[in-house]
Structure formats: C-alpha cells, structure tokens
Amino acid sequence: MIRYIKEFYRFLKHIMQNRQLLFTLIKNDFKKQYLGSYLGLVWAFVQPLTFLLVIWFVFTYGFRSAPHGDKPYFLWLASGMIPWFFIANTLSAGTNAITSNSFLVKKVSFRVSILPLVQIGSALIIHMALVSFLIVMFFFYGFKSNMYWLQLPYFMLCSIVLVLGVSWMTSSIQVFVKDTGHIIEVLLQIGFWVTPIFWNISMISPAHQWILKLNPAYYIVQGYRDTFINHVWFWEMPNVTFYFLSITMMFFILGAIVFKRLRPHFGDVL
C-alpha cells in the first residue's frame, strides 16, 4: 500500500511539474474535436445547450410536468442530466485515451497515465459551461444563490477521481481488447436508465432503493440535486458518502494497478 501511495504522490508531482503541458494537451484535444467545422469550438457548447433547451421547452410547454417542490421540473431534470453528461462523456473518451494518442505512447519521456486526465479536462470545460447555464436558469426562474452551492466543487472532484480510476482501467484494457469501448457504451446506455435522472428514486420501494444506490453515478447525480434542489449537505448522508468514497478509491487503486501492469506492453501492441 505504501508503494502505491508513493506512486500516486509521484503522479501528482508529475502533474504539477508538467501542468503547462497538461493544459496544452487539454486545449489541443478540445480544439481537435471540432477542427474543420465553420463554427469550430462553438459546437462544443451549442450541442449540449441545444439539448437542454429542447428539454426545457418540451417539459415547460409540452408535457408540463409537475414541479418538484418549489422547483420547476426542468431544473430538477437538468440538475441530474448535467453531471451524467460529464460522467458518460469522460468515460467514453477516457476509454479511448491511449489508442487515440498512440503517437504519444511511444515517447519514452512522456507519462502516459495523464492521457485519461486530458480527456477529463477537455470534458470539464463543457461541463463548466453547462453548470453555468444551469445557474443562469435558476436566476431566470427567480431563485437566488445559496450556501449549498459551495459543495459543488466537492462533487466535481468526486466525479473526476471516479472517472480517472475507471478510465485508467478501461483505457489500458482497450489497447488489448478492442471491444472494451463498445462494452462501455452499452453499459453507459444501461446506466442512464438505471440511474435516477428522468425519474425519482422515491418511485422505487424503500426496501429496494439500496440496490440503485450501489451505482456510484447515483451519488454524483443526487449530489448535484442536493446542491441545487434539495439543499442537503453531503455530510448529512454519511452512509452513502462513505460507500461512494470507498468504491471510488477501490476503482482508483485498481485502475492504477491495472494501468501500471499493462503500460510496458502498450508500445508492442500499438
């Protein structure tokens, strides 16, 4: 265990020493996704914002769904969809982080373990824009900021650590098993519907709710809703918080071990 703690410390030290390189890679990856289109980087924000605006129009003027407490249904829905967008996009991109950057893998001086972090940083830019849009919509509906918004960075950090650990594992396996990316896409589709995003977990019998709470994405989605909608601090849910932090650290350590074991063979396969 001490060895892995030291390795993690060296990883953080490497990030701090090469933060300029990391920011450059994030910027280049972000630009690369939209290079060649007339609007360029504008599409990075137009696509998710358009989807949220369509959802807002449908559930405000179409279905006219019942509000959740004093909050419109759209705000409740967007508070759950925005963190899911981040988790799904980073997992999907993170799984392909090694295979899509094979030219960097073969560079001896380059620390390959930061590649999934590049994908996370790229997706975080869009996520911050969506969160800003959500905050603007809260103001639009007449709600004011409050102290509970201060815990938003905590849930963002939880998302990043969880996704980084899983991405280390899936990206390294993807090098040897090309079906890994397709499996992740299928699991994300299933995860979208088993995670209480469009529906409320109170619809499930209390005796069976614990099963859904085993899904780490539940904690993140619920955390965003507790921040914006329910006004609940994360330490007020000690059992769920302890479980999430435990499972996240398990994924993080396991992902680091798998990545470290498979890393020496990347160059041979790629």
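## A residue to start with

Does F192 count as buried or exposed, and at what relative accessibility? In this predicted model, F192 has a relative accessibility of 17%, so it counts as buried, the cut-off being under 20%. W193, in contrast, counts as exposed because its relative accessibility is 56%, and exposed means over 50%.

F192 and W193 also form an aromatic pair. Their ring centres lie 4.8 Å apart with 85° between the planes, an edge-to-face arrangement.

## The overall fold

Let's step back to the whole chain. The protein has twelve helices and zero strands, so reading along the sequence gives α-α-α-α-α-α-α-α-α-α-α-α. Of its 270 residues, 46% count as buried.

Contacts reach well along the chain: taking those between residues at least 6 apart in sequence, 79% join residues at least 24 apart. The accessible surface is about 14400 Å², and carbon and sulfur atoms account for 70% of that.

## Aromatic pairs

There are 22 aromatic pairs in the structure. In one of them, the ring centres of W84 and F192 are 6.2 Å apart and the planes meet at 55°, so this pair is tilted. W84 belongs to helix α4 (residues 73–95) and F192 to helix α8 (residues 180–194), so the pair ties together parts 108 residues apart in sequence. Both W84 and F192 are buried.

## A cluster and a charge over a ring

Elsewhere on the aromatic theme, one cluster is formed by Y148, Y154, F155, Y219, W233, F234, W235 and F244. Finally, have a look at W76: R225 lies over its face, 3.6 Å from the ring centre.

Notes. Residues are numbered from 1 along each chain as its sequence is written. This is a predicted model: local features need pLDDT of at least 70, side-chain atom pairs count only at pLDDT 80 or more; totals for chains, interfaces and linings use all residues. Side-chain values use heavy atoms; hydrogens and water are left out. Helices (H or I, at least four residues) and strands (E, at least two) are DSSP runs, numbered from the N terminus. Buried means under 20% relative accessible area, exposed over 50%, partly exposed in between (1.4 Å probe, protein chains only). Contact means heavy atoms within 4.5 Å. Accessible areas come from the Shrake-Rupley method with a 1.4 Å probe; for residues, only the protein chains shown count as cover. Rings of Phe, Tyr and Trp (its six-membered ring) pair if their centres lie within 6.5 Å; planes under 30 degrees apart count as stacked, over 60 as edge-to-face and the rest as tilted. A charge sits over a ring if NZ of Lys or CZ of Arg is within 6 Å of the ring centre and within 35 degrees of the ring normal.
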